[in-house]
Amino acid sequence: MRNKPSKKRVVKYPIAFDSLGKELVDLSHITEKNRDFVVCPECSSRFVAVINHQTPHFKHYGDRECSGAFESYIHKVVKEMFKTITEIELPELLIKDLPEEHLRNFLQMQYGLLDSNIPLNQQREFTIGLKKNLTEVKKVKIDNVEIERTIKTPKGDIRVDVVAHLRNKMLFIEPYYSNAIKDDKKEKIKTTNIPTLSISLMEFIRFTKFKFNLSDLKEWLLIDNSKNWVYLNDGSYKKHINSYKKYLWSEIQKHKRRIILNEISILKKENVERENDLEDLKKKFKAVKAEISDALKQIDRLGKDLEDLK
């Protein structure tokens, strides 16, 4: 029995490249002037804007198959978009994301301070309240970017998707769809000592379900939630760990003060309770004393009555 031919899946692309205006466009930017000049950012073949559709989109002219996959397409779109971005938010650096060597140094520092200052039975509760990040979210200006730059390293050349220049510093940015940065590339990046971010595009696509425009994608690229630190540099890691050490010492001192204040509060409460007990005893003593006085008076009267009877 002959198998039925499978129906060709038509990919619905949300963004095109305007070869006339030399810029990325979404469906809201399509005009009579540029309609015939929009192309696929990946293969540069002509795109058709499908407007009157349940889910408006671009598709290849004549349902032509693209030479690249959607992963290549979105990756190319993002790199092109970075040419127009002038600022981004750097994410916080989490303790758990420290490289193994620096994480080991951090834990040695932390345990050393805790063991010498916080009783063992209090350490778990104390550490739960500590912050889990070494840095805060920070917005930075981008002066200019280079796309797909080859960087030479002692361990071999690497191709960096986006090299952002921030004043006199550089920042590597690696967008990825399904394949995160491999370990061998990470090792080469470390030798450059240049901070590197990764941006998850798969997470964005899962959230938008392929229905997005240029503004949606740009917002994702700007915010800190889209990024993770692949690498900072050894000097930065040491600086941030030392900064956390000062914070940790401050929290330990606050904890000690809270313990002392709590102990003072308990002593005051106990003292008040003792004073209340003393007052109760005084009242009881006074009542007993009055009873004894009354009894002595009765004895005295009885004594006089006895004298009168003689």
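**Sheet, pocket and selected residues of a predicted model**

Strands 1 and 2 form a hairpin in which four residues lie between them, and Lys22 in the turn has a positive phi of about 55°. Helices (H or I, at least four residues) and strands (E, at least two) are DSSP runs, numbered from the N terminus. The structure is a predicted model, in which local features need pLDDT of at least 70 and side-chain atom pairs count only at pLDDT 80 or more, while totals for chains, interfaces and linings use all residues. Residues are numbered from 1 along each chain as its sequence is written, and side-chain values use heavy atoms, with hydrogens and water left out.

The loop between strand 3 and strand 4 (47–50) contains Ser44. Phi of Ser44 is near 65°, a positive value in a residue other than glycine. Ser44 is exposed because its relative accessible area is 55%; the classes are buried (under 20% relative accessible area), exposed (over 50%) and partly exposed (in between), with a 1.4 Å probe and protein chains only. Cys43, by contrast, counts as buried, at 18% relative accessibility, and Cys66 is likewise buried, with a relative accessible area of 17%. A disulfide is a covalent bond between the sulfur atoms of two cysteines. Under the criterion applied here, a pair of cysteine sulfur atoms within 2.5 Å, the count comes to zero disulfides. Cys43 is in no disulfide, and the nearest cysteine sulfur is that of Cys66, 3.6 Å away. Because the sulfur of Cys66 is 3.6 Å from that of Cys43, its closest cysteine sulfur, the separation is too far for a bond.

The pocket analysis used a 1 Å grid over the protein atoms alone, on which a cavity is a set of points where a 1.4 Å probe fits but cannot get out, and a pocket is an open set with protein on both sides within 12 Å along at least five of seven lines; lining residues have an atom within 4 Å of a point. The largest pocket has a volume of about 700 Å³, where grid points are joined across faces, edges and corners and the volume is the space filled by probe spheres set on the points. Its lining comprises 22 residues, of which Leu90, Lys138, Val140, Leu166 and Lys169 lie nearest the centre. At least two lining residues are supplied by each of strand 7 (138–141), strand 10 (169–176) and helix 7 (234–309). Strand 7 gives the most, with four residues. By class, the lining divides into nine nonpolar, five polar and eight charged residues; Ala, Val, Leu, Ile, Met, Phe, Trp, Tyr, Cys and Pro count as nonpolar, Asp, Glu, Lys and Arg as charged, and the others, Gly among them, as polar.

Helix 7 also contains Leu248, which is buried, with a relative accessible area of 0%. When residues up to four places away in sequence are not counted, Leu248 touches Met109, Gln110, Leu113, Leu114, Phe126 and Leu130, contact being defined as heavy atoms within 4.5 Å. The C-alpha atoms of Leu248 and Asn233 are separated by 22 Å, the two residues being 15 residues apart along the chain.

Asp184 is found in helix 4 (residues 183–192) and counts as partly exposed, at 49% relative accessibility. Asn193 lies in the loop between helix 4 and strand 11 (196–200). Although it is not a glycine, Asn193 has a positive phi of about 60°; at 39% relative accessibility it counts as partly exposed. Asn228, in strand 12 (residues 227–231), is partly exposed, with a relative accessible area of 41%. Its contacts, not counting residues up to four places away in sequence, are Pro91, Thr196, Leu197 and Ser198. The C-alpha atoms of Asn228 and Ser200, 28 residues apart along the chain, are separated by 8.5 Å.

Methods:
Pairing = 2+ DSSP bridges.
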